[in-house]
Amino acid sequence: MLVPARTSLPFLEDAFEQAGIAFRAETSSLVYASRAVRDLLMVLRAVDDPTNYLHIVSALRTPLLGCGDDDLFRYKWERKGRWSYLADQPDTVPPDDPVRIGLNYLRSLYEQRAWSAPSELMGSIARDRRAWSSVRRGRPRDVWRRLRS
């Protein structure tokens, strides 16, 4: 099926899915609209600029790093943590805190970035954070193809 504009494609995909009709969307520009790819790019943005706390918090909130708003609140206001993954965290933040774990992961990626090609870094994130197996909705094969692109 050919469509004159991509704006209707998400609706068509949902309709085909509900009707049980097999389909494959062929266009590279839709790759960046998928949730999985946006989450991956958000983590990469946080790695790219350790001074951009908005990107860091946004990356922590992705399913790849899995921090909820309650974790972020507890980390920042109750435990007096810092959003910087390059700064040492205060002793009030326990080692098993999900935000601290996420920040440590971002720091490890930041340290790898000079020695890795962007595609290697993206592959590491997808592999380490199990992006392939975290696909629960929609068409997993399409999401996997988008992540590989």
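Of the 26 residues in the largest nonpolar core, six touch the most other members: Val-43, Leu-60, Val-99, Leu-103, Leu-106 and Ile-125. A nonpolar core here is a set of buried Ala, Val, Leu, Ile, Met, Phe, Trp, Tyr and Cys residues joined through side-chain atoms within 4.5 Å. Buried means under 20% relative accessible area, exposed means over 50%, and partly exposed lies in between (1.4 Å probe, protein chains only). Helix 2, helix 3 (53–61), helix 4, helix 5 and helix 6 each give two or more residues to this core. Helices are DSSP runs of H or I with at least four residues, numbered from the N terminus. In soluble globular proteins, nonpolar side chains tend to be buried together.

This is a predicted model: local features need pLDDT of at least 70, side-chain atom pairs count only at pLDDT 80 or more, and totals for chains, interfaces and linings use all residues. Residues are numbered from 1 along each chain as its sequence is written, and side-chain values use heavy atoms, with hydrogens and water left out.

Take Leu-60 from the core. Leaving aside residues up to four places away in sequence, Leu-60 touches Leu-65, Gly-66, Cys-67, Leu-72, Trp-83, Val-99, Gly-102, Leu-103 and Leu-106. Contact means heavy atoms within 4.5 Å. Two of these partners, Val-99 and Leu-106, are also named among the core residues that touch the most other members.

Now look at how the helices meet. Two packed helices are described by the angle between their axes and the distance between the axes. Helix 2 and helix 5 pack at an angle of about 70°, with their axes 9 Å apart. The axes are lines fitted to C-alpha atoms, for helices over the stretch in contact, and angles run from 0 to 180 degrees between N-to-C directions. Helix 2 and helix 5 are therefore roughly perpendicular to each other; that label covers 65 to 115 degrees, while under 35 counts as roughly parallel, over 145 as roughly antiparallel and the rest as oblique. Val-43, Ala-46 and Val-47 of helix 2 make the contact with Leu-106, Leu-109 and Tyr-110 of helix 5.

Helix 6 (residues 118–128) joins this pair. Its buried residues are Leu-121, Ser-124, Ile-125 and Ala-126. They pack against helix 2 and helix 5 (98–112). After helix 6 comes Arg-130, with a positive phi near 55°.

Helix 2 (residues 35–48) also holds Asp-39. Asp-39 is buried, at a relative accessible area of 8%. Its contacts, not counting residues up to four places away in sequence, are Thr-62, Pro-63 and Leu-64.

Next, the charged pairs. The structure holds 6 salt bridges. Each is a side-chain nitrogen of Lys or Arg within 4 Å of a carboxyl oxygen of Asp or Glu. Arg-61 and Asp-69 form one, at 2.8 Å from N to O. Arg-61 is partly exposed at 48% relative accessible area, and Asp-69 is partly exposed at 49%.

Helix 4 (residues 69–78) holds Asp-70 and Arg-74, which are 4 residues apart, or about one helical turn. Their side chains meet in a salt bridge at 4.0 Å, N to O. Asp-70 is partly exposed at 46%, and Arg-74 is partly exposed at 27%. Arg-74 also bridges to Asp-71, at 2.9 Å, N to O. Asp-71 is buried, with a relative accessible area of 13%. Salt bridges that share partners join Asp-70, Asp-71 and Arg-74 into one network.
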